[in-house]
Amino acid sequence: MIAAPDLRVDLGDLPLRNPVMPASGCFGPELGDLIDINRLGAMVTKTVFAEPRSGNRAHRLAETYAGMLNSVGIPSRGARAFIAELLPRYRNWSPPLIVSIGGLTVGAYLEIAERLTRVAGIAAFEVNVSCPNLEAGGLEIGAEPQVVEAVVRGVKERVEVPVFVKLTPNVTSIAAIARAAETGGASAITAVNALMGMAVDWRTRRPRTGTAMAGFTGPAIKPVALRCVWQAAQAVAIPVIGVGGIATVDDVLEFILAGATAVQIGSATFTRPDTMVRIIAALEARLSDEGVVSVRELIGALRTDSPSATVPMQAG
Amino acid sequence: MVGASAGATGSLPRLARLPETGPSAPRVAPPALLEAAVVTHGLIAPEYWRLVLDAPAIARTVEPGQFAMLTVARGEESWPVLPRPMAIYGWDRAGGRIEIVYRVVGEGTRRLTRWSCGDRIVTVGPLGRGFVLLPAAQRIVLLGRGIGTCSLTALAGVAAARGIAVHALVSARHSDALVGGEAYRAAGAVEVREVVDTDGSSGVGPVGAWLAENCRTGVDQIYACGSDRLLRLALEMARATGTGVQVSLEAHMACGLGFCHGCATGHPGLVEESPLVCRDGPVFRHLPSAPVA
């Protein structure tokens, strides 16, 4: 009997039983009615803000070619309701809980960190820096290395669990932002958040989402996300969590080869609510078929040497 | 609650969740995820399709006004990404089947038409909080337009079985788009009034007069879906007579369960998020003048 492949990975000080977890905003306790959440590598909450916020107006969703747009706008019931009502619901399951936090100013990130520090049941924080920075004319918090570094350092100083940073792809140099997060003290980097996109209904002459611009996710963004993971993994020594358009076990293996230690599943959970647990089962089977003892062997194992050195040229 | 496309709800009066407990609370069972086999699937009118699914876990607990999420992507395909919310038109609890009637309005519903008998569709349901029949109700009015009627048909059957007199209005652009009348008659509705735009019978005048006449003789609750215009008529009547109104809303959805927050009824500027169509609805009661109970 061949031993089952080892799916365990470590995100800094946080060990996971397997590398598959949900993307923030694409998961909630409600999924417990449909899938076995205990199978997941980790749980990730929707982004929590210090104070309640309502999110954007309807319509918040639009289907696009091989993807989707959302202009949900991160509604949050605030830290108090999160601690009192949402957090206890996650205690029904054993995977570590990663709490996504957000803010519209550097100070707001520090405030939510302070309010959630030493709250039982939080294994790590994922700092969502894809929020508009009200102190910089709405430019994303995550677009400037020095702001990212300040946010991460401030959060890190205030909490006692690992801090991850979820990067926005809407930047000139993802490597520079990743390095800033690492310098600030991040234990891991999540790459990447939604691309900025847009859909127009020419008949009504209106955008198809309530806000003209919206977050673009789904299989269509996978090549961009894969490239971001690759660049981030080249730039930093801390682990990278890959996210963006992952829908199959093949996608997961591609991200791991490109440098991801773990992966998050987002839009694909909407398409099929059991996507994560199916992928975990398929990953075990696939590694077993390939004779891979541990998934850790594949992290960053992408070969970029010239294949022509080993593969003969085709005639003709 | 209707599938696919959605009308703006921002201009409507304030709507509230139905009660959590008591006789006016909807019955809600946990949803199930299943690969439902297609039993029957075919065109029933231009643009309108009828789909029967073998879905015992949904048929067992579904209540009128609830919906299901149907994955459009087939087999191993990973897109279309978003599943489509569909009102559950009817069901056979013993036979384990649910029936859906949908209108082809875009790429997602166009792709749905390609499913054939024996195919398995990833389906989640029953979802949402459906319509409530008040314990003492004797007479109710159902107002549905177009595909919106499809979330009301099951209510007619349950109501009629309880001895409640059902008066149903079926409104559509033209006679080909009249769906649900047959289901209402089969359910035992005492009156089915079919009105269309093409001959003017669906206008606010004649429909308002019909509704007023019904309410004059006593109506315990008005149920509406599929038309802001019909809902406004219902609300006018509610103000005049104190009759309660329940309305089923539609929205684009991603999860159907409440965690994605894609279907908020949505007014900007509120600190508290407005209700979610999937989790808090799709059926809401009108506030403040017409409490349900």
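Which elements of chain A do the buried residues of helix 2 pack against? In this predicted model, select residues 106-116 of chain A to bring up helix 2, where A:A108, A:Y109, A:L110, A:I112, A:A113 and A:L116 are buried. These buried residues pack against helix 1 (78-90), strand 7 (97-101), strand 8 (124-128) and helix 3 (145-158), which also belong to chain A.

Next, turn to the surface of chain A and select A:M196, A:M198, A:V200, A:W202 and A:M213, which form a nonpolar patch with about 590 Å² of accessible area together. Among them, A:V200 lies in strand 12, residues 200-201.

The contact involves 41 residues from chain B and 36 residues from chain A. Between the two chains there are 3 salt bridges, including the one joining B:E273 to A:R60, whose closest N and O atoms are 2.6 Å apart. Strand 2 (32-45) and strand 8 (120-127) of chain B each supply at least two residues of the side that touches chain A, and strand 2 gives the most, with 3 residues.

Finally, select B:L257, in the loop between strand 13 (244-248) and strand 14 (283-286) of chain B. B:L257 counts as buried because its relative accessibility is 11%, under the 20% cut-off. Leaving aside residues up to four places away in sequence, B:L257 touches A:E30, A:L31 and A:L34 in chain A, and B:P31, B:L127, B:C278 and B:R279 in chain B.

Technical notes. Residues numbered from 1 in each chain as written. Chains lettered and ligands numbered in written order. Predicted model: local features only at pLDDT ≥ 70, side-chain atom pairs only at ≥ 80, totals over all residues. Heavy atoms only, no water. Buried < 20%, exposed > 50% of the residue type's maximum accessible area, 1.4 Å probe, protein only. Helix = DSSP H or I, 4+ residues; strand = E, 2+ residues; numbered from the N terminus. Contact = heavy atoms within 4.5 Å. Patch = residues over 30% accessible without salt bridge, like charges linked within 9 Å, V, L, I, M, F, W, Y side chains within 5 Å. Areas by Shrake-Rupley, 256 points an atom, 1.4 Å probe, with all protein chains shown as cover. Salt bridge = Lys/Arg side-chain N within 4 Å of Asp/Glu carboxyl O.
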